Amino acid sequence: MSIWRKKPVEAYHADASKSELNRVLSRWGLTSLGIGAIIGGGIFTLTGIAAHDHAGPALALSFIIAGIGCLFASLCYAEFASVLPVEGSAYAYAYGTIGELFAWFIGWNLILEYMMGATTVAVAWSGYFNKLLHLFGLHIPDYLTNDPVTHGGPAFNLLAFLITWVITSILVKGIKEAAKTNNIIVILKVAVVLFVIIAGAFYVDPSNWTPFIPAETPVLDALGQPTGEVNFGFGGVLTAATIVFFAYIGFDAVSTQAGEAINPKKDVPFAIIASLIICTLLYILVSLVLTGMVPYTDLDLKAPVASAFEGAGIKWAVYLITIAATAGLMSVMLVMMLGQTRIFLGMSKDGLLPHNLFGKLHPTYKTPYRSTILVGLIISLVSALTPINTVSEMCSMGTLLAFAMVCVAVLILRIKQPNLDRPYKTPFIYFVAPAGALFNVFLMSYVRAHTWYAFLIWGAIGVLVYFLYSRRHSHLHPKN
């Protein structure tokens with residue numbers, strides 16, 4: 001039964017008091033990290049597919065539904081962050097409530113969210129940066145920029161490789177430098193999102209919002225036969241919500257920075273919820289402006305925001321939007337890689353990963369530099385050499401599982417230790433926690449079958465690593 005052993009809450013508090021990480025992140029610094037992780041290329045790309053194919057002008061409703069689902073999870077994350085102000089995030093929360101094997105499994109799958117998420121973003125950044133170069137009349141050979149899948153042959157994504165090492169060098173230098181870089185990028189991309197909302201509002205034609213929810217239409221296969229699925233109608237709005245949900249991924253990364261927060265018990269919960277609410281409002285307004293500027297049937301699938309402004313005759317805005325998207329993806333990479341190294345740090349403190357590799361801090365910068373360099377090496381090579389279309393879906397699977405488990409774990413802890421000091425308490429816990437878990441499991445059911453197979457294989461490898469190494473080296477093991 002040792003696989004169900006739990007790490008006491010008191011032990012987490014002792015770890016936090018002995019932490020050597022630099023506590024330099026303020027409430028709004030943490031909020032900026034959350035916004036930096038959430039607002040990326042998704043808002044500039046997913047809106048076109050979701051509106052054009054599934055929801056029409058009702059895309060705003062899809063963002064509201066997805067935002068509410070994420071809000072449930074964020075409220076649960078916020079309570080845990082106030083109780084366990086450590087850098088382990090969902091892994092640490094599961095370790096303190098459900099048990100070691102489950103915590104390991106969560107930590108193993110967070111690799112899918114953070115490291116593989118950063119990999120997909122690196123490739124996306126390469127595409128946006130290449131597009132930016134094209135706008136200025138510059139060109140890089142295809143085999144140095146393309147994903148091997150789209151290139152159709154041997155390729156080395158040089159841009160993805162280089163940007164990964166730029167981010168890695170910033171993270172090795174220190175959390176203060178990483179936070180400053182993120183703040184600059186966040187200011188830029190939020191300014192451009194506000195520009196899209198305000199400038200685009202002058203070109204809105206209310207007739208484009210009619211009908212707000214287009215009539216339901218059946219989806220046909222290649223032979224013209226109904227598949228049983230539908231687009232548009234309220235069903236299409238729900239489908240669009242599962243698509244745009246992935247534009248929200250990242251708010252949980254704030255919880256991985258608890259070890260570097262000045263006042264983690266109060267500021268981390270605030271930053272988690274504030275960053276999610278701010279981004280939700282921006283997303284809703286952007287979706288209303290886009291579907292109001294042009295008919296949803298005319299939205300470009302690959303670059304809906306840029307194409308809408310180009311169609312309105314504001315061609316110079318295309319440069320601004322492309323620059324913001326490119327910069328925005330850099331901050332997403334930064335926060336994802338930052339989160340991954342802090343998850344590894346938390347697991348190494350518990351003995352589940354080798355401390356010399358994942359827990360060793362730089363004597364000057366006080367960052368887990370060996371882990372950061374290893375993460376950078378893996379991401380740079382994977383993004384430069386391998387197809388990442390399946391990896392992106394597996395990233396979503398890891399995220400959804402973590403969200404669901406945190407919702408379950410916070411309810412377990414509330415029942416088992418009701419008198420525990422909770423600087424922040426999730427409101428309506430008996431509704432919010434089950435609703436958050438069910439919402440994320442519901443979204444997992446929409447993921448394609450082959451991604452489930454890959455996810456199960458990844459999980460089996462993780463369980464094998466646990467029994468071969470982590471279980472015996474755990475600090476909770478009797479022999480340790």
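Reader: Which residues touch the most other members of the largest nonpolar core?
Author: This is a predicted model, in which local features need pLDDT of at least 70 and side-chain atom pairs count only at pLDDT 80 or more, while totals for chains, interfaces and linings use all residues. Residues are numbered from 1 along each chain as its sequence is written, and side-chain values use heavy atoms, leaving out hydrogens and water. A nonpolar core is a set of buried Ala, Val, Leu, Ile, Met, Phe, Trp, Tyr and Cys residues joined through side-chain atoms within 4.5 Å, where buried means under 20% relative accessible area (1.4 Å probe, protein chains only). Of the 154 residues in this core, those that touch the most other members are Ile39, Phe44, Tyr77, Phe245, Phe251 and Phe309.

Reader: Which element gives the most to this core?
Author: Helices are DSSP runs (H or I, at least four residues), numbered from the N terminus. With 17 residues, the element that gives the most is α13.

Reader: What kind of aromatic pair do Tyr77 and Phe251 form, given that Phe63 and Tyr283 are tilted?
Author: Rings of Phe, Tyr and Trp (its six-membered ring) pair if their centres lie within 6.5 Å, with planes under 30 degrees apart counted as stacked, over 60 as edge-to-face and the rest as tilted. The Phe63 and Tyr283 rings have centres 5.2 Å apart and planes at 45°, so that pair is tilted. For Tyr77 and Phe251, with 6.1 Å from centre to centre and 85° between the planes, the pair is edge-to-face.

Reader: How many residues apart in sequence are the parts that Tyr77 and Phe251 tie together?
Author: Both Tyr77 and Phe251 are buried. Because Tyr77 lies in helix α4 and Phe251 in the loop between α10 (233–244) and α11, the pair ties together parts whose separation in sequence is 174 residues.

Reader: What is the volume of the largest cavity?
Author: On a 1 Å grid over the protein atoms alone, a cavity is a set of points where a 1.4 Å probe fits but cannot get out, and lining residues have an atom within 4 Å of a point. The structure holds one cavity of 30 Å³ or more. Its volume, the space filled by probe spheres set on grid points joined across faces, edges and corners, is about 70 Å³.

Reader: How many residues of the lining of the largest cavity are charged?
Author: The lining includes Lys7, Asp15, Glu87, Lys349 and Asp350. Four of the lining residues are nonpolar and two are polar, while the number of charged ones is five.

Note on methods
1 Å grid on protein atoms, 1.4 Å probe; cavity = no way out; pocket = protein on both sides within 12 Å on 5 of 7 lines; lining within 4 Å. Nonpolar A, V, L, I, M, F, W, Y, C, P; charged D, E, K, R; others polar. Buried < 20%, exposed > 50% of the residue type's maximum accessible area, 1.4 Å probe, protein only. Helix = DSSP H or I, 4+ residues; strand = E, 2+ residues; numbered from the N terminus.
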